[in-house]
Amino acid sequence: MPDHPIDLAAWPRREVYDFFSRIDDPFYMVTFQLDVTPLRDYTKRHGLSFYYAMVYLCTQAFNQTAAFRLAIRGGQVWELEARSPSFTDLHPGSEAFHIVTMPCAGTLAQFCRAAAEKSAAQTTFLNQQAETDALIYYSCLPWVELTALTNERDHDPDDSVPRIAWGRYVQREGRLRLGVSLEVNHRLIDGLHIGQFVQALERRIAALGGAEV
């Protein structure tokens with residue numbers, strides 16, 4: 001369904017939305033551990049980027065979770081058809097990162113290859129024309145084990161773009177664990193919805209065990 005406004009009068013979450021709308025800083029962050037063993041094995045087996053694959057799977061899980069497709073536009077809550085990823089990346093040998101924005105389309109393998117091509121071809125820091133409120137902001141710190149992360153932002157309580165980041169996966173008890181940090185607007189997203197997203201992501205990762213491209 002195309003982007004459309006929510007009927008606030010009939011919205012079951014209206015009272016919660018109004019409560020958090022009175023708060024100057026309605027944003028909060030949750031960090032969780034994710035078992036990424038099947039994903040690392042899958043990407044290694046098929047020569048794909050772990051990072052791009054995580055971006056793809058997270059975007060699918062976000063779009064599957066209705067609360068993450070909500071946006072605030074001019075005081076009105078809208079339900080988006082879908083969100084697209086906007087992710088940081090580095091050219092080989094560079095210390096200056098750039099931000100790649102593109103649709104989450106095709107299979108996992110197709111997306112990974114398209115992301116690699118788009119990132120390699122990009123010569124600017126950011127394509128401003130691609131910036132909308134229908135994005136998900138991604139970042140990665142593969143040099144450290146991530147325990148928490150906050151994001152820069154303008155002081156805009158209507159900002160409804162989810163921000164997600166992860167670091168280096170580490171082995172514990174024979175499994176690869178990844179610390180993931182997620183920052184959201186409490187006017188739209190509760191802990192229940194984060195749980196729904198994480199469960200959807202875990203199912204997608206687990207399904208890669210024995211899967212083919």
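## The largest cavity

In this predicted model, the largest cavity holds about 40 Å³ of space. The count comes to 1 cavity of 30 Å³ or more.

Its lining falls in two stretches of numbering. Asp159, Ser160, Val161 and Pro162 are among the lining residues. Glu183, Val184, Asn185, Leu188 and Ile189 also line the largest cavity. By class, this lining divides into 5 nonpolar, 2 polar and 2 charged residues.

## The largest pocket

The largest pocket contains about 980 Å³ of space. It is lined by 39 residues. Closest to the pocket centre are Thr88, Ile99, Tyr138, Ser139 and Glu152.

Which elements give two or more residues to this lining? They are helix H3 (50-64), strand S5 (84-89), strand S7 (135-140) and strand S8 (163-166). The lining of the largest pocket has 20 nonpolar, 8 polar and 11 charged residues.

## Helix H3 against helix H4

Helix H4 spans residues 108-121 and packs with H3. The angle is about 120 degrees, and the axes lie 9 Å apart. An angle of 65 to 115 degrees would count as roughly perpendicular, and one over 145 as roughly antiparallel. H3 and H4 are therefore oblique to each other. Their crossing is right-handed.

From H3, the contact uses Tyr52, Ala53, Val55, Tyr56 and Leu57. From H4, it uses Leu108, Phe111, Cys112, Ala115, Ala116 and Ser119. What classes of residue make up this contact? It has 10 nonpolar residues, 1 polar and no charged ones.

## Helix H2 against helix H3

H3 also packs with helix H2, residues 37-46. Here the angle is about 125 degrees, with 10 Å between the axes. H2 and H3 are therefore oblique to each other. H2 passes H3 in a right-handed crossing.

On the H2 side, Leu39, Arg40 and Thr43 make the contact. The contact of H2 with H3 divides into 5 nonpolar, 1 polar and 1 charged residue.

Ala53 and Leu57 belong to the contact with H4.

Note on methods. Residues are numbered from 1 along each chain as its sequence is written. This is a predicted model: local features need pLDDT of at least 70, side-chain atom pairs count only at pLDDT 80 or more; totals for chains, interfaces and linings use all residues. Side-chain values use heavy atoms; hydrogens and water are left out. On a 1 Å grid over the protein atoms alone, a cavity is a set of points where a 1.4 Å probe fits but cannot get out, and a pocket is an open set with protein on both sides within 12 Å along at least five of seven lines; lining residues have an atom within 4 Å of a point. Grid points are joined across faces, edges and corners, and a volume is the space filled by probe spheres set on the points. Helices (H or I, at least four residues) and strands (E, at least two) are DSSP runs, numbered from the N terminus. Ala, Val, Leu, Ile, Met, Phe, Trp, Tyr, Cys and Pro count as nonpolar, Asp, Glu, Lys and Arg as charged, and the others, Gly among them, as polar. Axes are lines fitted to C-alpha atoms, for helices over the stretch in contact, and angles run from 0 to 180 degrees between N-to-C directions. Angles under 35 degrees count as roughly parallel, over 145 as roughly antiparallel, 65 to 115 as roughly perpendicular and the rest as oblique. A crossing is left-handed if the near helix is turned anticlockwise from the far one by less than a right angle, and right-handed if clockwise. Contact means heavy atoms within 4.5 Å.
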